[in-house]
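Keep the structure open as you read.

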Amino acid sequence: MNTQHIWEIKAKNTPLLKKKCNQCNSDRFQCSDKFRLNAQKKNIDIWLIYRCIKCNNTYNMTVFSRIRTESVSKEIFNKFSENDTEIAWQYAFSREMMRKNNVEADWESVHYEILYPDLTVEDLINMKNETISFQIQSLFDFNMRVSTVLRTCLGLSSSKLNFLLDSSAVYFNQKLLQKKYKITNGAHIEINRHALINIYLMGKADVCLNMVDD
């Protein structure tokens, strides 16, 4: 049976917005995780509130505009009313929401951590399958390259990663991995086990050669 390893990517903060402040010289706004609601008769407006990182000036990103109150479920409406952090982050990471508001996210401002199992050469050698299967889990899409995840989780240098990719040893959702590919939640990565073993053994050989030279 082929064991599938999990690489879980957790965002630590929402992305800043690239937006000029009309009260200071700042060009970044931070999500406040709070909503503003305005009801008029049977219509409701909902905004996600952002604040300038320097002067605290506010910018309201439109979530819903002039929609009928009955078109929003009571459960979702309560989340907006209670400033639910989970739903605030969903909209703060939403590319569609940014497109509709004509704003741009600073994806590089997102800090993250990756939870992954450590695999040693011995672990790889003892496996019976020709390929090793990994699944990416990430609640949010923040423009992160798959190659960045590979380097981190496999402990590879840029040169060793390039060697692995040039060897056609890595597949992403059943396609040969290219550096331009970005992470998606639930994506599958398949790596040729023998190619990865060779990469790891090359690293050990380099260490041994350096010790001999010294």
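By about how many helical turns are Arg99 and Glu96 separated in helix H3? The model you are looking at is a predicted one, and in it these two residues are three apart in helix H3, so about one helical turn separates them. Their side chains form a salt bridge, with the closest N and O atoms 2.6 Å apart. Arg99 is exposed, at a relative accessible area of 55%, because the cut-off for that class is over 50%. Glu96 has a relative accessible area of 37% and is partly exposed.

Helix H3 takes part in another pairing too. Arg95, in helix H3 (residues 95–101), has its partner Asp141 in the loop between strand S8 (131–138) and helix H5 (146–154), so this pair ties together parts that are 46 residues apart in sequence. The distance here is 3.0 Å, N to O. Both partners are partly exposed: Asp141 has 32% relative accessibility, and Arg95 has a relative accessible area of 36%.

Asp106 and Arg28 meet through their side chains in a salt bridge of 3.1 Å, N to O. Since Asp106 sits in strand S6 and Arg28 in strand S3 (residues 28–40), the pair ties together parts 78 residues apart in sequence. Are these two residues buried or exposed? Asp106 and Arg28 are both buried. Asp27 belongs to this picture as well, for salt bridges with shared partners join Asp27, Arg28 and Asp106 into one network. Across the whole structure, a search finds seven salt bridges. As a general point, side chains of opposite charge can pair when their charged atoms come close.

Ile44 counts as buried because its relative accessible area is 3%, and the cut-off is under 20%. What is it in contact with, beyond its neighbours within four places in sequence? The contacts of Ile44 include Leu37, Ala39, Phe64, Ile67 and Phe77.

Finally, find the largest pocket, whose volume is about 290 Å³. Its lining consists of 14 residues, and Trp107, Glu108, Phe142, Asn143 and Met144 lie nearest the centre. Strand S6 (residues 104–106) gives the most to this lining, with three residues. By class, the lining has six nonpolar, six charged and two polar residues.

Definitions and conventions
Residues are numbered from 1 along each chain as its sequence is written. This is a predicted model: local features need pLDDT of at least 70, side-chain atom pairs count only at pLDDT 80 or more; totals for chains, interfaces and linings use all residues. Side-chain values use heavy atoms; hydrogens and water are left out. On a 1 Å grid over the protein atoms alone, a cavity is a set of points where a 1.4 Å probe fits but cannot get out, and a pocket is an open set with protein on both sides within 12 Å along at least five of seven lines; lining residues have an atom within 4 Å of a point. Grid points are joined across faces, edges and corners, and a volume is the space filled by probe spheres set on the points. Helices (H or I, at least four residues) and strands (E, at least two) are DSSP runs, numbered from the N terminus. Ala, Val, Leu, Ile, Met, Phe, Trp, Tyr, Cys and Pro count as nonpolar, Asp, Glu, Lys and Arg as charged, and the others, Gly among them, as polar. Buried means under 20% relative accessible area, exposed over 50%, partly exposed in between (1.4 Å probe, protein chains only). Contact means heavy atoms within 4.5 Å. A salt bridge is a side-chain nitrogen of Lys or Arg within 4 Å of a carboxyl oxygen of Asp or Glu.
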